[in-house]
Every structure is written in C-alpha cells, then in structure tokens.
Amino acid sequence: MAEANLLGGLIGGALIGIAASLLLLLNGRIAGVSGILGGIAGPIGGTERFWRFAFVIGLICGAAIYSFAAGGLTIELRASNLNLLMAGLLVGFGTRLGSGCTSGHGVCGLARRSPRSLAATITFMAFGVLTVFVTRSFF
C-alpha cells in the first residue's frame, strides 16, 4: 500500500510540474489555482476566460480519472460544516493577503527561486503545522 501511495505521489507531482511548466511556456501564466479560479469571475474576455475554465475543468477531470483508475476515492472529514466554512474563508483571506496560494508560491514561485514565494511557503507550512497541532490538542 505504501508503494502505491509513493507511486501515486510521484506521478501526481510530475503531472503538476508538467502542467505548471506548460502553462508558463505556452501561455506565460503562473499556475496559481486561486488566481486562475478567481479570474474566472472577473471582467475578462473570451480566450482569457477559456483557458481558465479549461484549467479548472482539467483539475476536476484529473481527480475523477484518478478516482476511477484507483477503484474509488474515500475522503473522511472530521470537521463540522461550520469549521469547514471558517477554514475556507481563512484560506481565501490568506490567499489574498499572501498574493497567491500554495500552488502559485509553492510550486511555481519556488521553481523560479522567488524569495517572496519562499517566505510565503514557509509561512503556509508553519501555520499548517500549528493549525493541526492546535486542533488535535484542544478540539
């Protein structure tokens, strides 16, 4: 089982890297998912909106294909709807505050050796660890 998880992680990581590289090479855009998704709602034109939709649809289809190939996908959430809503709002706030998300900073920014992305990724990771520690210890 551990080998399957390792292989899946390696394949997924390679696909993320290839997709981010292709988006940058072919479109001149950074693969920051929150910016791509947020841009769909903005006042943008035809081809700009098309590639953003295509990217988001590709994310959804990729997950569906993996789920089908793996024989199903089980996700267990141990949080209330209120906690999930609060978490989503906090992630959205952090994305705006940090001028990007984990994919934009962590995948693309680090690959471009951006000091700002390094600081953002360290901050994401530190607060992720802190959040897990606090929620598992006190809630």
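In total, the secondary structure comes to 6 helices and 0 strands, where helices (H or I, at least four residues) and strands (E, at least two) are DSSP runs, numbered from the N terminus. What you are looking at is a predicted model, in which local features need pLDDT of at least 70 and side-chain atom pairs count only at pLDDT 80 or more, while totals for chains, interfaces and linings use all residues. Residues are numbered from 1 along each chain as its sequence is written, and side-chain values use heavy atoms, with hydrogens and water left out.

How far can the model be trusted? The score to look at is pLDDT, the predictor's confidence in each residue, from 0 to 100. Its mean over the chain is 85, and 97% of the residues reach 70 or more. Confidence is lowest in helix 1 (residues 2–27), with a mean of 84, and highest in helix 6, with 90.

Now for the overall picture. Taken along the principal axes, the C-alpha atoms fill a box of roughly 45 × 40 × 30 Å. Of the 139 residues in the chain, 18% are buried; buried means under 20% relative accessible area, exposed means over 50%, and partly exposed lies in between (1.4 Å probe, protein chains only). Contact means heavy atoms within 4.5 Å. Among the contacts with a separation of 6 or more, 34% join residues 24 or more positions apart.

Helix 2 (residues 33–40) and helix 3 (residues 46–69) have axes that come within 9 Å and cross at roughly 125°. Such axes are lines fitted to C-alpha atoms, for helices over the stretch in contact, and angles run from 0 to 180 degrees between N-to-C directions. On the helix 2 side, the contact is made by Val33, Gly35, Ile36, Leu37, Gly39 and Ile40, and on the helix 3 side by Arg49, Trp51, Arg52, Phe53, Phe55, Val56 and Leu59. These residues divide into 9 nonpolar, 2 polar and 2 charged. Here Ala, Val, Leu, Ile, Met, Phe, Trp, Tyr, Cys and Pro count as nonpolar, Asp, Glu, Lys and Arg as charged, and the others, Gly among them, as polar.

Further along comes helix 5 (residues 102–111), where Ser103, Gly104, His105, Cys108 and Gly109 are buried. After helix 5 comes Arg113, with a positive phi near 60°. The axes of helix 5 and helix 6 (residues 115–138) come within 9 Å, crossing at roughly 130°. That makes helix 5 oblique to helix 6. In this pair, Thr102, His105, Gly106, Gly109 and Leu110 of helix 5 meet Arg116, Ser117, Leu118, Ala120, Thr121 and Phe124 of helix 6. By class, this contact has 4 nonpolar, 6 polar and 1 charged residues.

Gly128 sits in helix 6 and is partly exposed, with a relative accessible area of 34%. Its C-alpha atom is separated by 17 Å from that of Arg96, 32 residues apart along the chain. Phe139 lies in the segment after helix 6, and Phe139 is exposed, with a relative accessible area of 78%. Between the C-alpha atoms of Phe139 and Gly88, 51 residues apart along the chain, the separation is 18 Å.

Technical notes. Parallel < 35°, antiparallel > 145°, perpendicular 65-115°, else oblique.
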